[in-house]
Amino acid sequence: MRVMLRARLDTQLSNEAIKSGALPDVMRRMTEELKPEAAYFGPCDGGRACTFVFDMQDSSRLPTIAEPLLLELGAEIEIQPVMNSDDLQKGLAALQKS
């Protein structure tokens with residue numbers, strides 16, 4: 001299932017992670033783990049944020065995905081199912097058939 005993860009990073013912890021050089025390592029590990037089709041980094045609600053869109057085959061992956069962001073960066077995390085335009089068209093076509 002295609003999902004979107006948005007993480008708003010704690011400013012103090014992410015400042016420390018930048019100073020120590022840990023932030024690039026956390027983001028590298030996230031991209032290696034998730035193999036996202038898209039990854040974005042930028043401001044959100046006055047702080048730092050990252051957004052990943054990726055395929056999550058099994059919900060048992062949630063701890064390995066979320067814990068590094070929670071433990072190392074004090075992130076607030078949202079994970080939700082999403083569709084691209086092809087998925088939407090397929091879903092709407094299925095509605096027409098029922």
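The largest nonpolar core of this predicted model comprises 18 residues, and those with the most contacts inside it are Leu9, Met27, Phe52, Phe54, Leu69 and Leu73. Four elements each supply at least two residues of this core: strand β1 (2-9), helix α2 (22-34), strand β3 (47-55) and helix α3 (62-73). The largest share, 5 residues, comes from α2. As a general matter, nonpolar side chains in soluble globular proteins tend to be buried together.

Phenylalanine 52 is one of the core residues with the most contacts. Not counting residues up to four places away in sequence, Phe52 touches Val3, Met4, Leu5, Met27, Met30, Thr31, Leu34, Pro36, Ala38, Ala39 and Phe41.

**A buried serine**

Serine 14 is placed in helix α1, which spans residues 11-20. With a relative accessible area of 0%, serine 14 falls under the 20% limit and therefore counts as buried. The side chain of serine 14 makes a polar contact with the side chain of arginine 48, at 2.7 Å. Beyond its neighbours within four places in sequence, serine 14 is in contact with Leu9, Arg48 and Leu73. Of these partners, Leu9 and Leu73 are also listed among the residues with the most contacts inside the largest nonpolar core.

**Salt bridges**

The whole structure contains 7 salt bridges.

| Pair | N to O distance | Location |
|---|---|---|
| Arginine 2 and glutamate 37 | 2.9 Å | β1 and the loop between α2 and β2 |
| Arginine 2 and aspartate 87 | 2.1 Å | β1 and α4 |
| Aspartate 25 and arginine 29 | 3.2 Å | both in α2 |

Arginine 2 takes part in a salt bridge with glutamate 37. Because arginine 2 lies in strand β1 and glutamate 37 in the loop between α2 and β2 (38-44), this pair ties together parts that are 35 residues apart in sequence. Glutamate 37 has a relative accessibility of 52% and so counts as exposed, the limit for that class being over 50%.

Arginine 2 also meets aspartate 87 in a salt bridge. This pair likewise links distant parts of the chain, with arginine 2 in strand β1 and aspartate 87 in helix α4 (residues 85-97), 85 residues apart. Aspartate 87, at 28% relative accessibility, counts as partly exposed.

The salt bridge between aspartate 25 and arginine 29 lies within a single helix: both residues belong to α2 and are 4 residues apart, about one turn of the helix. Aspartate 25 is partly exposed, at a relative accessible area of 30%, and arginine 29 is partly exposed too, at 32%. Both residues belong to a network of salt bridges that links Asp25, Arg28, Arg29, Glu32 and Glu72.

Most residues other than glycine have a negative phi. Which phi does lysine 35 adopt? Lysine 35 has a positive phi of about 45 degrees, although it is not a glycine. Lysine 35 is found in the loop between α2 and β2, the loop that also holds glutamate 37. With a relative accessibility of 66%, lysine 35 counts as exposed.

Aspartate 45, also not a glycine, has a positive phi of about 50 degrees. The location of aspartate 45 is the loop between β2 and β3. At 67% relative accessibility, aspartate 45 counts as exposed.

**Helix α4 and the surface**

Met83, Leu88, Leu92 and Leu95 make a nonpolar surface patch of about 390 Å². Among these residues, leucine 92 is placed in helix α4. Its relative accessibility of 38% makes leucine 92 partly exposed.

With a relative accessible area of 74%, lysine 97 is exposed. The C-alpha atoms of lysine 97 and cysteine 44 are separated by 40 Å, and the two residues lie 53 residues apart along the chain.

Notes: Residues are numbered from 1 along each chain as its sequence is written. This is a predicted model: local features need pLDDT of at least 70, side-chain atom pairs count only at pLDDT 80 or more; totals for chains, interfaces and linings use all residues. Side-chain values use heavy atoms; hydrogens and water are left out. A nonpolar core is a set of buried Ala, Val, Leu, Ile, Met, Phe, Trp, Tyr and Cys residues joined through side-chain atoms within 4.5 Å. Buried means under 20% relative accessible area, exposed over 50%, partly exposed in between (1.4 Å probe, protein chains only). Contact means heavy atoms within 4.5 Å. A salt bridge is a side-chain nitrogen of Lys or Arg within 4 Å of a carboxyl oxygen of Asp or Glu. A polar contact is a pair of N or O atoms within 3.5 Å; within protein, one must be able to donate a hydrogen and the other to accept it, and residues adjacent in sequence count only if both atoms are side-chain atoms. Patches are made of residues with over 30% relative accessible area and no salt bridge: like charges are joined within 9 Å, nonpolar side chains (Val, Leu, Ile, Met, Phe, Trp, Tyr) within 5 Å. Accessible areas come from the Shrake-Rupley method with a 1.4 Å probe; for residues, only the protein chains shown count as cover.
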